[in-house]
Amino acid sequence: MTRLASAADLAALRERLAAQYASGEPVVRVCTGSACRAAGSLRVADAVTEELRRAGIQVSVRRTGCQGFCQHGPLVMVDPEGWLYGGVTPSDAAKLVDLTVRRRQLIEHLACRHPETGRPIGSTSELPFYQRQTRLVLRHCGLIDPTSIEDYIAAGGYRALARVLETMSPEAVISLIKRAGLRGRGGAGFPTGRKWEAGRAATGTRKFVICNADEGDPGAFMDRSLLEGDPHAVLEGMIICAYAIGDCREGFVYVREEYPLALEHVRIAIEKAREFGLLGKNILGSGLDFDIEIRRGAGAFVCGESTALMFSIEGKRGMPRVTPPRSVEAGLWGCPTCLNNVETFANVPLILNRGADWYAGIGTEGSKGTKVFALSGKVKYTGLIEVPMGATVRQVVFDIGGGIEQGKRFKAAQIGGPGGGCIAEEHLDLPIDFESLKGVGSAMGSGALVVVDETTCMVDLARYFLSFTQQESCGKCPPCRIGTYQMLRILNRIVEGKGEEADLRKLDDLGRLISRTSLCGLGKSAPGPVLSTLRFFREEYLAHILERRCPAGSCETLKRLTIGPECVQCGLCEETCPQHAIMETENGLAIDLLLCVNCGACVSVCPMECIAEATGEGGANDGTGDEGTGPDHSYH
């Protein structure tokens, strides 16, 4: 491929590619994102390709990034009809080629079904999971081959860059991003245009652009999926940023090592962009010199913090430093550095192509555009979704996610990962934007959204997230290192039924102190899940402390044995109990919970098998024999 020497060359290439792609022939798109790949989609793609070869049919098999509907993978989409098949296996390849590709017939038993009517859907647009989303940043994911720069260019890729280099000054680019109202998607929500403006104003002959792809929150896979499915959109945003801040010839994509597919696709994208003259010297003949390298992170959560990330790139231990000076003034190797998140950069070409007013028309007053979420937990349909800022929790959980599994009750949504907070049932209609979430003690974070139902103990959930951040603390500042350790000790006591009522005050005081005094975002946000559950689920904490009971029936150490109504009062359990905790009452045999040590000796001798664990209020183990209501730790 000859390097593209100008914007006109790029436009001509796009026209040629678009003409090739507009043949109207079927295209089989096999999702090869991480989830579908783990379910065997590469074998499916190979099988379909081989079957087409044997049938002598010239049809493109495109290996795409994540198509979003992860729970039903491996996914295969067949265009132009837009039929979506789920759970496809290599053995389905022959049918798929014969019926769908050759005869253009829908295979009903493979087609994804409408959750309400149960009928096989004719198009993804009929499926509520997709129908109720606004897929802008994810517009290419699941459609293009992320390893093909031709696919990206044919879909309009690098058009924004060409326009910027040909017709706009750096100041005009920054002004447009400011008018669009784009805010950083990494968690803090700082206005992107203001950051770029500060980067341009910073003095220095050497500046850097960094893409922060060190995604490590439990339940988060948005950035990974974007890099896997549409890496060129991120690169294009970075190049535009380099042009806008000026004097910038070097950029880095910082990706953690445990994202091998994302690393591979970004590496391919960078090599292709260089080959096409979209990276390197004199990009599109504009005089702009800019190139990008990959830096692999070792997987330390704290390296998602910007200053720690920069130390890591410099080859030092990833620990945060005191700010100011801010990174845009003195970042990497002391030079002005503009750092943004993966999703933030992916928004940039979109804004340049469609305009600031269009973008600012989406979302809420203070939060513009859309947000990509990794939806997981106890919803029927988990996956990668995108909604306008201001969409409610109810719309995400019930309209897109299909509601709670097995007809259980929604209890909470943990938004923002270990630094976020819990949204309770009373806030189901809360708009999801930066301001609203902050108002209820939560945070947008990078976009992990974990839904839990009635069988999840909120004290244990808070303990899980605090345990994560406590382990990931770099230990540099005492509030984070010691404070989170002390909070975790208290939570452990409460979960084990050894807490005191005064512990709640200690948790609250410690949490607020740590948030105020920690050095970086990890420490400042670490108490979030504890403080939000204390605020909205205080009665669960009190039940653990005052009644030694877990209302969700989840905490193992608080489970207790009870004797069911089938008891024939044979007395074997009473004779066997080493603690003498079983005694006769006017209603029959009963277990004294203060004496019982839950050893299970009585269970082993009961001929009626009527002694069982009671785990709380309404749980499966409450002796009712109902199925499917047991506790679950799937958020782990």
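This briefing walks through some features of the structure above, topic by topic. The model is predicted, so local features need pLDDT of at least 70 and side-chain atom pairs count only at pLDDT 80 or more, while totals for chains, interfaces and linings use all residues. Residues are numbered from 1 along each chain as its sequence is written, and side-chain values use heavy atoms, with hydrogens and water left out. Helices (H or I, at least four residues) and strands (E, at least two) are DSSP runs, numbered from the N terminus.

**Nonpolar cores**

- Let's start inside: the largest nonpolar core has 81 residues. A nonpolar core here is a set of buried Ala, Val, Leu, Ile, Met, Phe, Trp, Tyr and Cys residues joined through side-chain atoms within 4.5 Å. Buried means under 20% relative accessible area, exposed means over 50%, and partly exposed is in between (1.4 Å probe, protein chains only).
- Tyr 158, Trp 196, Val 209, Met 238, Ile 240, Phe 290 and Leu 352 are the residues with the most contacts inside the core.
- Take Phe 290: leaving aside neighbours within four places in sequence, its contacts (heavy atoms within 4.5 Å) include Val 209, Met 238, Ile 239 and Ala 242. Arg 249 and Glu 250 are also among them.
- Another core, of 47 residues, lies apart from that one, and includes Phe 69, Ile 121, Phe 373 and Ile 400.
- As background, nonpolar side chains in soluble globular proteins tend to be buried together.

**A buried charge**

- Glu 215 sits in the loop between strand E5 (207-213) and helix H10 (222-229).
- The side chain of Glu 215 does reach the backbone nitrogen of Arg 224, at 3.2 Å.
- Beyond neighbours within four places in sequence, Glu 215 is in contact with residues including Phe 221, Arg 256 and Tyr 259.

**Salt bridges**

- The whole structure has 37 salt bridges.
- One of them pairs Asp 357 with Arg 179, with the closest N and O atoms 3.5 Å apart. Asp 357 lies in helix H15 (residues 356-360) and Arg 179 in helix H8 (residues 170-180), so the pair ties together parts that are 178 residues apart in sequence.
- Asp 357 is exposed at 61% relative accessible area, while Arg 179 is partly exposed at 49%.
- Arg 409 and Glu 425 form another salt bridge, with the closest N and O atoms 3.3 Å apart. These two are 16 residues apart: Arg 409 is in the loop between helix H16 (393-400) and strand E11 (410-415), and Glu 425 is in the loop between strand E12 (421-424) and helix H17 (434-439).
- Asp 503 and Lys 506 meet at 3.9 Å, N to O. Both belong to helix H20 (residues 502-517), 3 residues apart, about one turn of the helix.
- Asp 503 is buried, with a relative accessible area of 0%, whereas Lys 506 is partly exposed at 42%.
- Salt bridges with shared partners also join Asp 98, Arg 102 and Arg 103 into one network.

**A strand hairpin**

- Strands E15 (residues 582-585) and E16 (residues 588-591) run antiparallel and are joined by 4 bridges. Two strands pair if DSSP finds at least two bridges between them.
- The two strands form a hairpin with 2 residues between them, and Met 583 stands opposite Ala 590 in E16.

- Most residues other than glycine have a negative phi, and most peptide bonds are trans.
- Gly 73 and Pro 74 are joined by a cis peptide bond, with omega about -5°. Pro 74 is in the loop between strand E2 (60-64) and strand E3 (76-79).
- The bond from Asp 79 to Pro 80 is cis too, with omega near 15°.
- Leu 284 has a positive phi, near 50°, and is buried at 7% relative accessibility.
- Trp 333 also has a positive phi, near 50°, but is partly exposed at 41%.

Conventions. A polar contact is a pair of N or O atoms within 3.5 Å; within protein, one must be able to donate a hydrogen and the other to accept it, and residues adjacent in sequence count only if both atoms are side-chain atoms. A salt bridge is a side-chain nitrogen of Lys or Arg within 4 Å of a carboxyl oxygen of Asp or Glu.
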